[in-house]
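Please open the model in your viewer and keep the selection tool at hand.

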Amino acid sequence: MMTVWISTICAFAVGIAAGFFLIPALIRLKFGQEIREIGPKWHKKKAGTPTMGGVIFIIASLLTTLIFDRDKNSIFIVCTAFSFGLVGFADDFIKIAMKRNLGLTERQKLILQILAASLAAVVGVKTGVLSYEVIVPFTKWRLNLWHFYIPFAVFVMVGGTNSVNLTDGLDGLAASVTTVVSIFFTVMAYKFGDESITVFCASLTGSLLAFLVFNAYPAKVFMGDTGSLFLGGAVCGAALVLKLPLILVFAGGIYIIETLSVIIQVTSYKLTGKRVFKMSPIHHHFEMSGFSERKIVVMFILASFLFCVISYFMVV
């Protein structure tokens with residue numbers, strides 16, 4: 001337990017130090033965020049806010065993990081998260097270099113994510129970090145997926161990273177929600193006796209808390225796709241190693257709701273020409289309904305906490 005607290009505190013300290021160094025550097029490099037035309041009009045004032053700030057918690061979490069633990073489980077998650085972060089970095093860099101609000105095309109991004117997920121799944125199985133089993137909620141049963149496991153793992157990672165990416169739309173939202181989810185996986189890893197994953201998740205939690213010092217409303221820096229895809233890879237990697245991908249659906253309930261809101265909106269518009277929400281993802285719907293960013297973030301944090309508490313009791 002002491003290692004958990006030490007790694008959390010160290011990651012927080014490294015994150016704060018990284019933030020004070022990197023944010024001015026991002027400003028000097030003019031790595032400012034371009035705001036999409038289809039977003040809420042009042043988000044225009046955020047244009048120019050430095051992006052790619054996810055590097056702050058990436059450095060803090062990876063450095064702390066490698067200092068306190070270098071077990072194959074934590075190394076696998078680190079590499080998985082980092083590979084997705086690289087896809088996000090490429091997307092962010094194109095946006096910044098070309099001064100546009102769209103980087104990689106959706107097709108390019110999806111292909112790169114599938115490649116990263118496939119490599120992670122195959123390596124994970126070959127090294128024994130991943131097994132073919134997943135824990136079934138509310139039971140002691142372990143479902144063996146056999147030959148379906150790798151496609152399933154790829155689906156979890158690609159779907160999960162994109163869901164986290166969709167959640168990153170308000171100041172502090174994705175970082176706050178993922179902090180709660182990271183705490184959940186820290187608790188579950190400790191419960192399962194997996195010290196390496198406990199250290200990684202604790203380090204991720206500390207680094208996210210540090211990032212929120214700079215990213216909470218009004219944000220001084222955005223995480224960018226570099227950060228959101230890294231977080232998706234980290235959360236999904238931890239879930240797969242702990243055999244909890246089915247539980248992730250509930251623990252990461254906010255991610256699922258955000259994704260479903262987009263699917264419902266697009267499907268409804270294509271089929272009927274009408275929109276279900278004022279804007280999607282759903283956090284923008286609440287914005288358009290008059291809720292402040294701070295209130296929405298607090299609501300989503302509380303909902304995420306509830307989802308994680310319920311998820312804890314789903315594991316027998």
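**First stop: a pocket**

Begin with the second largest pocket, which holds about 210 Å³ of space. On a 1 Å grid over the protein atoms alone, a pocket is an open set of points where a 1.4 Å probe fits, with protein on both sides within 12 Å along at least five of seven lines; lining residues have an atom within 4 Å of a point. Grid points are joined across faces, edges and corners, and the volume is the space filled by probe spheres set on the points.

Select M1, V4, W5, T8, I183, T186, V187, Y190, T198, A202 and T205 to display the lining of this second largest pocket. The elements that contribute two or more residues to this lining are α1 (2-28), α6 (173-192) and α7 (195-215). Helices are DSSP runs (H or I, at least four residues), numbered from the N terminus. The largest share of the lining, four residues, is given by α6.

A note on the model is in order: it is predicted, so local features need pLDDT of at least 70 and side-chain atom pairs count only at pLDDT 80 or more, while totals for chains, interfaces and linings use all residues. Residues are numbered from 1 along each chain as its sequence is written, and side-chain values use heavy atoms, with hydrogens and water left out.

**Second stop: annotated positions**

Next, select N165 and D225, which the unreviewed UniProt entry annotates as "binding site". Although spread over 61 residues of sequence, they cluster in space, the largest C-alpha distance being 6.7 Å. UniProt positions are given in the numbering used here, feature names are shortened, and such annotations may be inferred rather than shown by experiment.

N165 lies in helix α5 (residues 149-167). With a relative accessible area of 17%, N165 is buried; the term means under 20% relative accessible area, with exposed over 50% and partly exposed in between (1.4 Å probe, protein chains only). Not counting residues up to four places away in sequence, N165 touches K109, D225, S228 and L229. Contact here means heavy atoms within 4.5 Å.

A salt bridge is a side-chain nitrogen of Lys or Arg within 4 Å of a carboxyl oxygen of Asp or Glu. The whole structure has five salt bridges.

Which residue forms a salt bridge with D91? It is K95, with the closest N and O atoms 3.3 Å apart. Both residues lie in helix α3 (residues 72-98), four residues apart, about one turn of the helix.

K95 also meets D225 in a salt bridge (3.6 Å, N to O). Because D225 lies in helix α8 (residues 224-241) and K95 in helix α3, the pair ties together parts that are 130 residues apart in sequence.

Now turn to K109, whose side chain meets that of D225 in a salt bridge (3.1 Å, N to O). K109 lies in helix α4 (residues 106-127) and D225 in helix α8, so this pair ties together parts that are 116 residues apart in sequence.

Are these residues buried or exposed? K109 and D225 are both buried. D91 is also buried, at 1% relative accessibility, and K95 is buried at 16%.

**Last stop: the core**

Finally, select M157 and F185, the residues with the most contacts inside the largest nonpolar core, which has 83 residues. A nonpolar core is a set of buried Ala, Val, Leu, Ile, Met, Phe, Trp, Tyr and Cys residues joined through side-chain atoms within 4.5 Å. Leaving aside neighbours within four places in sequence, M157 is in contact with T80, F84, A117, A120, A121, C236 and L240.
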